[in-house]
Amino acid sequence: MKYVSMFDKIDLHLIRVLHTVLTERSVSRAALRLGMYQPAVSASLKRLRELAGDPLLVRSGASMVPTVAGLRMIEPAAEILRSAEMLFSDARAFDPATARQTFSLAASDYLDPLFLPQLVTQVKTTAPNCGIDIHPLSADADYRAHLAQGHYDVVIGNWPKPPQELHLGRLFGDEVVCLVASHHPAVHRGWDTEAWLAAEHIAPTPTHPGARGFIDEHLASQGLVRNITARCPHFGLIPAMVAGTLLVLTTGRQYAERYVGALPVKVLPCPVEFPRMMYYQLWHERTHASSAGRWLREQIKTVAASLRRAEPEAAAA
């Protein structure tokens with residue numbers, strides 16, 4: 001009860017006075033900065049001293065300095081003020097030029113390798129004071145729970161059937177193709193379904209025992225099994241592994257095309273017919289109306305669209 005009664009005596013204005021007095025190290029300068037009369041600031045400082053049981057600001061020669069207790073209060077007071085500023089401002093509007101917050105998203109590494117670098121560049125250019133945390137999208141983390149609990153703002157990946165309880169925004173669809181080394185026999189001979197299934201394939205390491213990705217799930221529905229002889233948990237390293245071997249990587253065209261020219265690899269059509277790989281961004285109802293959340297989702301959509309526009313231009317060149 002003692003704690004509750006003390007808490008009731010503290011308001012946001014008092015915290016602002018505390019932070020200003022301690023950082024300015026002067027009652028008169030704090031009064032000017034706060035737009036208050038000096039006696040009012042002095043009265044507030046007296047209340048703060050009584051609540052803290054500490055003088056907070058003491059004279060040292062011709063100037064004033066915070067006490068040890070006062071120094072410890074500066075950053076917590078600043079954090080309270082920052083949180084209070086965000087409390088209602090996000091509900092009203094989001095100004096990327098002045099906003100200070102950290103966005104958190106989880107993304108599949110099957111994405112276009114340019115996607116996340118361009119997204120980070122766009123966020124940091126447009127909202128320079130905001131941070132961005134990118135997490136791997138794996139079975140080790142329950143992304144539904146992370147979205148519901150606010151650990152993630154958005155999840156980006158490809159699902160044959162996205163979860164219905166989440167909001168969904170389509171980013172792009174991609175054709176399934178094969179990436180092989182330039183010296184692979186199929187580059188010159190071509191292949192049929194039987195030859196493709198018998199070739200040596202490389203695939204991502206399953207996220208858990210028995211797990212099957214988009215490619216193998218579709219093959220299983222057709223009663224087909226490919227010959228996987230290599231697996232790697234780091235999708236971004238697989239193209240380099242393909243370049244020096246006879247391994248076949250089956251994935252989306254947008255991903256595969258990024259490595260043509262950078263590595264001695266070729267993109268070949270797949271003899272097995274696949275549906276298009278669909279990429280989405282997913283988010284929870286809790287962030288659906290958030291202006292900051294809407295802004296982030298728009299940046300993701302814009303980057304995805306710019307990469308799709310650049311694809312035919314690169315092909316023409």
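Which residue in strand 4 does S104 stand opposite?

## Strands 3 and 4

In this predicted model, S104 stands opposite D133 of strand 4. Strand 3, which covers residues 102-107, pairs with strand 4 in the parallel sense, and six bridges join the two.

The open sheet to be described here has five strands in the order 4-3-5-12-6, and its pairing is mixed. Strand 4 (131-136) and strand 6 (167-174) stand at the edges with a single partner strand each, so one side of each has no neighbour in the sheet. From one strand to the next, the twist averages 20 degrees.

## Helix 10 and its cover

Helix 10 spans residues 214-221, and its buried residues are F214, I215, D216, H218 and L219. The elements that cover these buried residues include strand 5 (154-158), strand 7 (176-181) and helix 9 (193-198), together with strand 9 (228-232), strand 10 (249-252) and strand 12 (277-283). Just after helix 10, G223 adopts a positive phi of about 75 degrees.

## Helix 2 against helix 4

Two packed helices are described by the angle between their axes and by the distance between those axes. For helix 2 (residues 12-24) and helix 4 (residues 38-52), the axes come within 10 Å and cross at roughly 95 degrees. Because angles of 65 to 115 degrees count as roughly perpendicular, helix 2 is described as roughly perpendicular to helix 4.

On the side of helix 2, the contact is made by H13, L14, V17, L18 and V21, while helix 4 contributes V41, S44, L45, R47, L48 and L51. Sorted by class, this contact of helix 2 with helix 4 has eight nonpolar, two polar and one charged residues.

Note on methods. Residues numbered from 1 in each chain as written. Predicted model: local features only at pLDDT ≥ 70, side-chain atom pairs only at ≥ 80, totals over all residues. Heavy atoms only, no water. Buried < 20%, exposed > 50% of the residue type's maximum accessible area, 1.4 Å probe, protein only. Helix = DSSP H or I, 4+ residues; strand = E, 2+ residues; numbered from the N terminus. Contact = heavy atoms within 4.5 Å. Pairing = 2+ DSSP bridges. Axes fitted to C-alpha atoms, helices over the stretch in contact; angles between N-to-C directions. Parallel < 35°, antiparallel > 145°, perpendicular 65-115°, else oblique. Nonpolar A, V, L, I, M, F, W, Y, C, P; charged D, E, K, R; others polar.
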